[in-house]
Amino acid sequence: MEQREKKILVIKNLLYFLFLLLLFVIGEIPKLDVMGAKAVPVIAAVVAIAMAEDNLYGGIYGFIAGLMVDTYAAHIFGLASAVFAILGFVSGSLVIYLLQDNMRTAFILTLAFCTVYGIICHYVLYGMWEVEGAYLFFFAHTVPTILLTAAFSFPAYWAVKRIRAKFTD
């Protein structure tokens with residue numbers, strides 16, 4: 001690999017990381033909640049990066065985004081890291097072998113990613129402890145969070161495609 005190619009690779013990955021960090025900060029702004037539900041926009045970024053690059057990038061950036069989310073999450077530390085890494089890898093693999101790389105696929109994968117993560121977190125926080133009325137909280141909080149996060153798939157897909165296009169011949 002040439003020196004120029006290494007520089008381009010480093011700059012591109014630095015931009016991906018800064019984009020993840022920006023979306024994490026946006027997701028953690030206290031006043032950006034809708035009826036108590038907060039989006040997790042780094043999920044949309046992980047899916048977009050996995051779609052643009054490949055499954056290895058999806059797994060790595062999924063793990064990084066999961067660590068970011070784990071610092072603020074109310075569940076077991078490491079849960080988001082593991083789930084995001086696996087789902088980032090799966091998202092990249094699905095696009096490589098099965099699905100088309102377009103905005104609709106990004107939305108569907110982000111929605112599926114959020115749903116799996118939401119169900120796992122809901123079970124770990126409430127279902128496992130048999131909290132009374134946990135199913136009501138699922139529909140009042142987890143479902144709106146899933147939908148809000150999926151809405152971030154459009155700008156995330158667009159931004160990641162622009163970054164990749166800028167640094168790809």
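## Helix packing and aromatic pairs

F84 is buried, at a relative accessible area of 0%. The model is predicted, and every value here is computed from it.

**The F84–F113 pair.** In one of them, the ring centres of F84 and F113 lie 5.4 Å apart; the planes stand at 80°, over the 60 degrees needed, so the pair is edge-to-face. This pair ties together distant parts of the chain: F84 belongs to helix α4 and F113 to helix α5, 29 residues apart.

A second pair joins F138 and F139. Their ring centres are 5.4 Å apart and their planes meet at 85°, so this pair is edge-to-face too. Are F138 and F139 buried or exposed? F138 counts as buried, because its 17% relative accessibility falls under the 20% limit. F139 counts as exposed, because its 58% lies over 50%.

**Accessibility of selected residues**

| Residue | Relative accessibility | Class |
|---|---|---|
| F84 | 0% | buried |
| S91 | 4% | buried |
| N55 | 14% | buried |
| F138 | 17% | buried |
| F139 | 58% | exposed |

**Helix α4.** Buried residues of α4 include L79, A80, V83, F84, L87, G88, S91, G92 and S93. They pack against α2, α3 and α5.

S91 sits in α4. With 4% relative accessibility, S91 counts as buried. What does S91 touch, leaving out residues up to four places away in sequence? Its contacts are V47, A50, L109 and F113. F113 is thus a contact of S91 as well as the ring partner of F84.

**Helix α3.** Helix α3 runs over residues 55–72. It has 18 residues and reaches 26 Å from its first C-alpha to its last, close to the 26 Å expected. Its buried residues include N55, Y57, Y61, A65, M68 and D70.

At the start of α3, a side-chain oxygen of D54 comes to within 3.3 Å of the backbone nitrogen of L56.

N55 lies in α3. At 14% relative accessibility, N55 counts as buried. Beyond neighbours within four places in sequence, N55 is in contact with G88, F89, G92, S93 and I96.

**Helices α6 and α7.** Helix α6 covers residues 134–151 and helix α7 covers residues 153–166. Their axes come within 5 Å and cross at roughly 30°. That angle is under 35 degrees, so α6 is roughly parallel to α7. T149, A150 and A151 make the contact from α6, while S153, F154 and P155 make it from α7.

Notes:
Residues numbered from 1 in each chain as written. Predicted model: local features only at pLDDT ≥ 70, side-chain atom pairs only at ≥ 80, totals over all residues. Heavy atoms only, no water. Helix = DSSP H or I, 4+ residues; strand = E, 2+ residues; numbered from the N terminus. Expected span 1.5 Å × (residues − 1). Buried < 20%, exposed > 50% of the residue type's maximum accessible area, 1.4 Å probe, protein only. Polar contact = N/O pair within 3.5 Å; in protein donor to acceptor, adjacent residues only side chain to side chain. Phe/Tyr/Trp six-rings, centres within 6.5 Å; stacked < 30°, edge-to-face > 60°. Axes fitted to C-alpha atoms, helices over the stretch in contact; angles between N-to-C directions. Parallel < 35°, antiparallel > 145°, perpendicular 65-115°, else oblique. Contact = heavy atoms within 4.5 Å.
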